[in-house]
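Student: I have a new model open and would like to walk through it with you. Could we start with the whole chain and then move to the details?

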Amino acid sequence: MAAPVLRRCCPGRRWVLAYVDRGSRHGTGAPTGSRSSGKRGQSSVVQQPLITAEKPRKGEHKWAAVVGLEIHAQISSNSKLFSGSQVHFAAPPNSLVSFFDASLPGTLPVLNRRCVEAAVMTGLALNCHINKKSLFDRKHYFYADLPAGYQITQQRLPIAVNGSLAYSVYVGKKRSQVINKTVRIKQIQLEQDSGKSLHDDRRSQTLIDLNRAGVGLLEVVLEPDMSCGEEAATAVRELQLILQALGTSQANMAEGQLRVDANVSVHHPGEPWGVRTEVKNLNSARFLAKAIDYEIQRQINELENGGEILNETRSFDYKLGCTVPMRDKEGKQDYRFIPEPNLPPLRLYDSASLPAGADPQQVINIDQIREWLPELPSVTREKLIQQYGMLPEHSLTLLNEVGLLEFFQNVIKETRAEPKKVTSWVLNTFLGFLKQQNLAVSESPVTPSALAELLTLLDRKTISSAAAKQVFEELWRSEGKTPAQIVSEKKLELMQDREALEQLCHATMEAHPQVVMDMKKGNPRAINKLIGLVRKATGSRADPTVIKEVLEEKLSS
């Protein structure tokens, strides 16, 4: 048996596996099919009976839903899985295509070490068992944007198996309670992407762009442990955060870097699971939740009206808010899986099994990659709760919104305000304005420094809470001005002259004797009315707490 060797070849950190195992020849591997215009292939999810959580909805009191997911994440790599072609989103059509990507005769695959490391790192982060030996296969099917007529995959023995993904969902009327859930991970496999079909309906033609052909993918197969769209969307979002933290995928769903297929079925509790349908190529967590919930209700309605569920592939029409048939799966397609002849088994090592004298650059050490693992989102959330006394749901929101955690941490660094006040302003005021304007955190006109300065002014009692909100609104409209400048221009400073405030309170009490009488009788609303009248007289420049002190002093004197 020959010794395992990885040889550097071509630009882009490219390696050739030269390990020969019982007649295998050199090469590298990719996983089963996924594609932006639609993965053509049989689902990897095997549905097995288990108790599922039920989400009550109209007509569903006697039904239980089962949801499994297949998630395809584009690996963050400068080059493709088996060729030196660059990976770049929105490049001119067919400008990033090598001879191998176009499947020209005589070309051979060359394994990208970075993609293998990304798969191992993702598997470790998701509590998977990493197979020290994994195999590559050819999955045959014809489609115009698959030049070879087959896809290289890991159908027999994937690189990682038997993992788990923990996630949290909001419950309760105000969605303020958090319940922790776990979904099992069946496997993670390396996979090459297909090209992209661009349909021109006006000219009745389809154009092919092979820029994406051969790009490395991770296919993560989640077992059917979920029961509604919200659970599925939350699990996908947690996986997205993990991939981004690891750096193994940018996981930008808008750019097709994370695509999801959902397998959905319904059944009566205690009975065998029903026939499932597959909803393909969902590229938004919101659409994923809507598609699954619609499909659950559609199947229930169909069965209650005497119909039957077909084993078919469907797509989600986001404009209509419903799923529509694509093709049926009753006649099982024969993909004619065969071992990939140009790729030997992929062999990995740990510190115990590493061959003596092996060049670290020529082998992949699982234990070494384990040491590279960064802090995962679950650990970050726990730190936020411990360090700042934050509620669990607040820590979830900070991580779930792209860039919000970094914004929050930058504000904390630059202000003397209490962390709880910073949390409230970031999650309520700042995030509220972003959502009203449909903006990302990176597009905000208010910088962390500006918000930090505003909160410091508030903490020093230079301005009132109401004035702080005015300043924030002005910051949102007028880029370039500092909070201090806005406070000065609009004369929003709190009154520091207590004697003048006492005179205003006295005048207000004399002008409203009935309110004073109600206040003396113990009416709690009366004091608030007087405070409001005094604040109005000061142009909201007086601290309500100080006003209350003055009024109570005058009443007791």
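Student: Happy to have the model on screen! What percentage of the 557 residues of the chain count as buried?

Tutor: Keep in mind that this is a predicted model. A residue counts as buried when its relative accessible area is under 20%. Applied to the 557 residues of the chain, that cut-off gives a buried share of 50%.

Student: How many helices and strands does the chain have?

Tutor: Good thing to ask before looking at any contacts. Among contacts between residues at least 6 apart in sequence, 70% join residues at least 24 apart. The elements of the chain number 15 helices and 18 strands.

Student: Which are the edge strands of the open sheet of 9 strands?

Tutor: Let's read the strand order, which is β4-β8-β9-β12-β3-β13-β14-β15-β16, with mixed pairing. An edge strand pairs on one side only.

Student: In which sense do β4 and β8 pair, parallel or antiparallel?

Tutor: In general, strands of a sheet pair through backbone hydrogen bonds, in either of two senses. Here β4 meets β8 (residues 160-171) over 2 bridges, and H129 has V161 in β8 as its bridge partner. The sense of the β4 and β8 pairing is antiparallel.

Student: Which strands does helix α6 touch as it packs on the sheet?

Tutor: Helix α6 covers residues 392-400, and its direction makes about 115° with that of β8. Another helix, α3 (residues 285-304), lies across β3, β13, β14, β15 and β16, at about 25° to β13. For α6, the strands touched are β8 and β9 (177-192).

Student: Which element gives the largest share of the lining of the largest pocket?

Tutor: About 970 Å³ of space lies in that pocket. Its lining has 30 residues, with R237, N400, E401, V402 and A440 nearest the centre. Elements giving two or more residues to the lining are α2 (229-246), α3, α7 (404-414) and α8 (419-437). The largest share, 4 residues, comes from α2.

Student: Why does T508 count as buried?

Tutor: T508 is found in helix α12 (residues 498-511). Leaving aside residues up to four places away in sequence, T508 touches L530, L533 and V534. The cut-off for buried is under 20% relative accessible area. T508 counts as buried because its relative accessibility is 8%.

Conventions. Residues numbered from 1 in each chain as written. Predicted model: local features only at pLDDT ≥ 70, side-chain atom pairs only at ≥ 80, totals over all residues. Heavy atoms only, no water. Buried < 20%, exposed > 50% of the residue type's maximum accessible area, 1.4 Å probe, protein only. Contact = heavy atoms within 4.5 Å. Pairing = 2+ DSSP bridges. Axes fitted to C-alpha atoms, helices over the stretch in contact; angles between N-to-C directions. 1 Å grid on protein atoms, 1.4 Å probe; cavity = no way out; pocket = protein on both sides within 12 Å on 5 of 7 lines; lining within 4 Å. Points joined across faces, edges and corners; volume = space filled by probe spheres on them.
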